[in-house]
Amino acid sequence: MPIEITVRAHGDYYAPVEGAPPDVRELSKQTLGKQVRRVGRFIQLALIGAARCVGTETPPAHTGIYMSSRRGDLETNLEVLEQFFKHGHTPKPLNFINTVSNASCYYVARHFGLHGRSCFVTGVCFSFEMALQAALLDMQAGVVRSALVGGLDTVAAPLEIDRRRLGLNAQTPVGEASHWLWLEARAPAPGETTLEAVEAFADRDALAAWLKQQSFAPEKTLLAEGQYLDPADARALRGETALTRAFAYRESLAYYDGQAGAALGAYRATADLDGTALAHINGDAEGRFAAIVARRSA
Amino acid sequence: MSAPAFLGAGLHTALGAGVARNIDALFQPLPHPVLQEIKTPEESVGAPALLLHGRPLENIEARFWEAAEAVVGEAIEAAGLTREQVREAALVLGTSSLDIAVSEAIYARELAEGEDAYPLTSNSTMGRLAQRLRQAHGVRGPEYTICTACTASANALIYANMLVATGRVRHAIVVGVEIFNIITALGFQSLELLSPHGMKPFDSKRAGLTLGESCAALIVGASSKRGAFHLRGSANLCDIFGISAANPDGSTVADVIRMALEDAGLAPEQIDGIKAHGTASLLNDEAEAAGMRLVFPKLPPVCALKPFIGHTFGACGVTELILFCGMAERGYFPATPGICAEPSDLDIRLPQTPQALAPGVFQLNFFGFGGNNTSLVIANAD
């Protein structure tokens, strides 16, 4: 019998950024109940998002951590590069160690006392989807029974330069976010959300064939368009699948890379969706696709 | 359905370009690291390194992409994949420093040209390396870049194997890339973990590591061929003892070794040999030796491969796996002449000449910054 994966909780940090990126040390201290020293904003935001996700609960020690980000701890990497190439200073040991992407996983694990799987996954357009798929693979294999899956994207000062890195014009609002899900390998209680599938597709034909196999009932299925999905592909998918009920969760968000990380939390937080499925479809500039399917139990 | 197995590989390290040349070199004397000079305003730092064979540190961008793309091509050819099979395959990359060598070169050039330069404006997307490798070979399947420091490509193999085993893809290309870059060299220098005299894992004279370069690729795919190497079990755990060192009592190392054995359905006495991580640092070798002793009442033969290629960080998982499998397929267990000839303070002895080896079951261990511990159990026998 296939293992069911239930979303036990979700938690988010999201803030538009204007001017300088915010100092989050006080927020981190309030959220965690203590100051985590000698870490940058990326790790602080990872901890804030994860702590908001688990709330007052304590995840079991075997819980796995799966983190995703398109650009990782950009500020720490920029600092180390500028200090050497511009100012001639060699990296300080801890600064260097914190350039490894999975340092954020370590600090989250240490804060919650976890010693399960630890994985940092990145990609161009599907970072969050692939981290979620890694968790799903481990849970369906029975290797992991509890998982924290996070998607984290930050900006770096000065914002006009960071917008250039992101390929954005000067007027585009930018933001930062740390989205987390707590997954458990168990059957859902009524009203709980299950994660049913996370899949990647080489092209639209492969996606369309897979969607057809899923036998979604249009009246009971919401279609969420991912951040990088081409509008023409979105229109075509709506026509091919007859999934016309849209789930809009991104309209009010400033630009950041991993907006897919917000989808399941937003779905989970929406009332009156019992018995309704969510199909989240993302795409990239090459015509490849990724899908997440979740369902609210009746 | 046939189980996933290793179908073909590509490799470029300090030992040579091509898997066969690398394996040939494991029968030769150990190479000597060369000091790479890095100039700072105050001093000149010599970072001991074993660079890609035949690839001096020139024209950094072309050097990087050509080497990385070539090993993927070598692996695809060795596995005999068709263009359609390649198109549908997954690409799972494990790396620690990504393409930072390229970003460093671009930033240094922009600064030298007097521009108002900022780092990572040419690329700040961590997935670019995997994307470029995928595009270069026409791969359109799932793409992961796993960044878990020195366990990255070992973890990449675990997920690649699952993608194949669950039928999501028929083939997965596991890639490990680690190329010399200034920040990594200076970072390890600042940690006082570099040794100019080569790596001597578990030896009483161990004094640190040599920076290694590697581009490695392995094709995982369903195979009904008997005797093909395959991943029989694996484990990855987070060690929260410290961000840069495993618990020296060996307990967390033992945990991941035991879990991999359990996943493989094996008892410790069924392991025919161990490929140790062996970074030659004082504390990590101590933790690894203690961990092995906790699990194995009688330690099977242990080998270490970093003296030949340096520490290739995120690439060491798939790189050392390819080297180990290549030696085993020729019927030998690797040796490191002159290192740990007698039991050291850690009570470990390494073979001094390659030892005859029958097909069997072997354990390969990897430990990384961020408390990331991974153990693989591979087999070419039932």
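Reader: In which helix is the place of Trp65(B)?
Author: This is a predicted model. In it, Trp65(B) belongs to helix α2 of chain B, which covers residues 60–79.
Reader: Which residue is the bridge partner of Gly212(B)?
Author: Gly212(B), in β8(B), is bridged to Leu50(B). Strand β4 of chain B, residues 44–50, pairs with β8(B) in the parallel sense over two bridges.
Reader: What is the strand order in that sheet of chain B?
Author: The order is β3-β4-β8, in an open sheet of three strands with mixed pairing. Strands β3 (34–39) and β8 (211–212) of chain B are at the edges with a single partner strand each, so each has one side without a neighbour in the sheet.
Reader: Turning to chain A, which residues of α3(A) are buried?
Author: The buried residues are Leu74(A), Thr76(A), Asn77(A), Val80(A), Leu81(A) and Phe84(A).
Reader: What do the buried residues of α3(A) pack against?
Author: They pack against α2 (41–54) and α4 (93–97) of chain A, and also against α4 (100–112) and α7 (182–190) of chain B.
Reader: What span should helix α3 of chain A have?
Author: Its twelve residues, 74–85, should span 16 Å at 1.5 Å a residue, and this agrees with the 16 Å between its end C-alpha atoms.

Terms used:
Residues numbered from 1 in each chain as written. Chains lettered and ligands numbered in written order. Predicted model: local features only at pLDDT ≥ 70, side-chain atom pairs only at ≥ 80, totals over all residues. Pairing = 2+ DSSP bridges. Helix = DSSP H or I, 4+ residues; strand = E, 2+ residues; numbered from the N terminus. Expected span 1.5 Å × (residues − 1). Buried ≥ 20, exposed ≤ 12 C-beta atoms within 10 Å, placed from the backbone. Contact = placed C-beta atoms within 7 Å.
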